[in-house]
Amino acid sequence: MKPAASSARPAVALRAFAPADAEAALRVLLADEDFAVASTGYLPAAGDLQSLFYALPEGASPDVKQILVAVADDEIVGVVDALLGWPASETVTVGLFLIHPRCRRTGIGSRVLGMGVDRMRAGGFRQVRAGCPRGWEPGERFLAGHGFAPAAAREPVAMNRVIHPHEAEHPAAAILRQIIWCPRRAAPRGVEVWA
Ligand SMILES: CC(C)(COP(=O)(O)OP(=O)(O)OC[C@H]1O[C@@H](n2cnc3c(N)ncnc32)[C@H](O)[C@@H]1OP(=O)(O)O)[C@@H](O)C(=O)NCCC(=O)NCCS
């Protein structure tokens, strides 16, 4: 994986997952055991990518689910899952936002988040809701640095999947950011695939 080693700023993109991305996307999911354990109590496993496609909180329609990949210099370096218009029509809920550990602290996560927020704004969404394991410092600091603030509710939240009973010890907190919305630049609602 080249991006971390290269001193040049890589070209970064955020696009819809394609079947050919599966192997590289799974490598990203398997690469951060600490985050997986903090999130679910389990080590990451080979079925995690497939599960991501089916994981939904109670009441959410499969139609709102999007799996995206972050690409740096043609290599897949991140995986994002988002629910467009859930739990409210103006909200995007990001369940997973994961950058490969070898590419971190080079600004890729920030650039990918910026691209995602731009698309949300263009789609007319006004709020982004991110899930973060409570007390998970990298995620909390990253989100705080990008204008997110903890949601008022203190109880564990279902992000993009159902919470299983054993996960009471691994609560996720919802962290919110309002999208600054400029009506002159915003496109009509109806972003279906972030390709
Ligand atoms: C959080 C994460 C997405 C950041 O990705 P990244 O590409 O390293 O992000 P950036 O390089 O753009 O970092 C931007 C800022 O976020 C903060 N940050 C990022 N990683 C951090 C860490 N491990 N500890 C403390 N702050 C951190 C810093 O303020 C950083 O700026 P700096 O490097 O100038 O100090 C990545 O570490 C990750 O995938 N972690 C596991 C999953 C996760 O926590 N997802 C986020 C919410 S659930």
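Predicted model: local features only at pLDDT ≥ 70, side-chain atom pairs only at ≥ 80, totals over all residues.

Reply: Residues are numbered from 1 along each chain as its sequence is written.

Me: How many helices and strands does the secondary structure of the protein come to?

Reply: Helices (H or I, at least four residues) and strands (E, at least two) are DSSP runs, numbered from the N terminus. The protein has 5 helices and 7 strands, in the order β-α-α-α-β-β-β-α-β-α-β-β from the N terminus on.

Me: Which residues of helix 1 are buried?

Reply: A residue is buried if 20 or more other C-beta atoms lie within 10 Å of its own, with C-beta atoms placed from the backbone. In helix 1 (residues 22-30), the buried residues are Ala25, Leu26, Val28 and Leu29. They lie on the same side of helix 1 because they cover an arc of only 155 degrees around the axis, the arc being that of the directions from the helix axis to the C-beta atoms. An α-helix has 3.6 residues a turn, so residues three or four places apart point the same way.

Me: Which residues come nearest to the ligand?

Reply: A residue is near a molecule if its C-beta atom, placed from the backbone, lies within 6 Å of it. Of the 22 residues around the ligand, Arg104, Gly109, Ser110, Pro138 and Gly139 come nearest. Helix 5 (137-145) gives the largest share of this shell, 7 residues.

Conventions
Buried ≥ 20, exposed ≤ 12 C-beta atoms within 10 Å, placed from the backbone.
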